[in-house]
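Work through the exercises below with the sequence and the structure side by side. Try each task before reading its solution.

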Amino acid sequence: LSVKGNIKARGETPADFMTNLNGQGTLSLRGGQIIGADVEQMIPIITRAIQRSEGAKVIEPEFKRVLNSGKTVLQTVSGDYVIANGVVRMMDLTLNTANAIANPTQIIWDIPKRTLDISIPVLLKPLNSLPPFILGISVLANQGTYKPNYADLLAVLSNRSQTALANDLRQKEAYAREAAMRKRSDRLAESKSLTADARTAVANMEQKMVEFPFEKGSRLLATAKDTLVLLNQLAVKEDPTDAQLIQQIEYARTVLLKADEFNRALEQETLFSTQKKMAEYRQKSTQMAEQLKLWAKAYPDIVVLAKLSDNAEQNRQIVEQSTAKLSSKMSVAEANELVGTCAEAVDKIEKAYQHATRFDLSGVPNQVTGENYTPKKQVRGSFKRSE
């Protein structure tokens, strides 16, 4: 609350002081309430009166009830005031509530007589086709009486063309129908789009199951296909009801959720399979590379064994590095690329190992086969020339 002004008064008693009160200023209020009257509740009463063509005798008791009980929450109040001989006059006050505007509100507050007369020109925002009406309030503080005056509103309702008000309501109903039609059009477009996406998703699931079958994927695909059957039964209807469209959209979303779950499960299965395969590659590459080291050390005169061992060790390092890079955050394509790199490195190690087994290396136990290797064909190979 903000009150500004220049006020003067004189007198020997409080009564003289109030009688000789003079001045002027401005008043500003943000937030507040009028206790004893609920202006907001007039809106449904007036709306019902228009729809049912109810007369003053029917709605007057309702007005009495809402204007003699409850409260009206104010958003803002602002205006000027003038005080002359203890009588405060506010002739251009503006009141704002959530659904009503009152301007210019006129208030005459006779402080010595302890009376308050308020004249409020009310414009109800939700009923903007209804002209503003004067709501009067008289208060006798010394008698403790409060009397609302809504005769002007009754006159407005009586004099205003019921046809015009009915047209206003019909226009709102037309807007509501138009909005419902737009909503149906949007729902139709959404159902078609989601249905197409669901069909594509199931086709992709089927293709992936051919390439990489797994148990959980089979269950999810079966659920998605069953739901797609129900979806297609609704999708072929030429003029589906709103309830059928909503059901169709729900079916499509269920299929897409199952497709998402399928893809996540596929990634996990693929990662597990990749980890298992990479572990096998790592074990195999380590065994063969270590065996080649043993042979190269045991038979230094066979020069090619050292070269084969070095080559195997280089490719073993590639397998180790690829295995270390494997991560659950990788995509399937990235994981498959690592598997391909490992497979190529292991193939090179295996070729080096097979080349070495052409020689007679039976003096060294074979860790790969678990036995001493005896070649079917003895190959002498290359030896160092002794000095």
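Predicted model: local features only at pLDDT ≥ 70, side-chain atom pairs only at ≥ 80, totals over all residues.

**Exercise 1.** Determine how helix 7 is oriented relative to helix 9.

*Solution.* Begin with the axes of helix 7 (residues 242–298) and helix 9 (residues 332–356), which come within 9 Å and cross at roughly 20°. Angles under 35 degrees count as roughly parallel, so helix 7 is roughly parallel to helix 9. Next, consider the handedness, for helix 7 passes helix 9 in a left-handed crossing. Finally, sort the residues of this contact, which divide into 17 nonpolar, five polar and four charged.

**Exercise 2.** Find which residues of the largest nonpolar core touch the most other members, and which elements supply the core with at least two residues each.

*Solution.* The largest nonpolar core has 34 residues, and those touching the most other members are Met42, Ile46, Val122, Leu124 and Phe133. Among the elements that each supply at least two residues of this core are helix 2 (42–52), strand 6 (115–124) and strand 7 (133–140). Another core, of 27 residues, lies apart from it and includes Leu271, Ala289, Ala296 and Leu305.

**Exercise 3.** Decide whether Ala356 is buried or exposed, and describe its surroundings.

*Solution.* First place Ala356 in the chain, where it lies in helix 9. Its relative accessible area is 0%, and because buried means under 20%, Ala356 is buried. Then look beyond its neighbours within four places in sequence, where Ala356 is in contact with Leu292, Trp295, Leu305, Leu308 and Leu361. Lastly, compare positions along the chain: Ala356 and Ile302 are 54 residues apart, while their C-alpha atoms are separated by 9.7 Å.

How values were computed:
Residues numbered from 1 in each chain as written. Heavy atoms only, no water. Axes fitted to C-alpha atoms, helices over the stretch in contact; angles between N-to-C directions. Helix = DSSP H or I, 4+ residues; strand = E, 2+ residues; numbered from the N terminus. Parallel < 35°, antiparallel > 145°, perpendicular 65-115°, else oblique. Left-handed = near helix turned anticlockwise from the far one by under 90°. Nonpolar A, V, L, I, M, F, W, Y, C, P; charged D, E, K, R; others polar. Core = buried A, V, L, I, M, F, W, Y, C linked by side-chain atoms within 4.5 Å. Buried < 20%, exposed > 50% of the residue type's maximum accessible area, 1.4 Å probe, protein only. Contact = heavy atoms within 4.5 Å.
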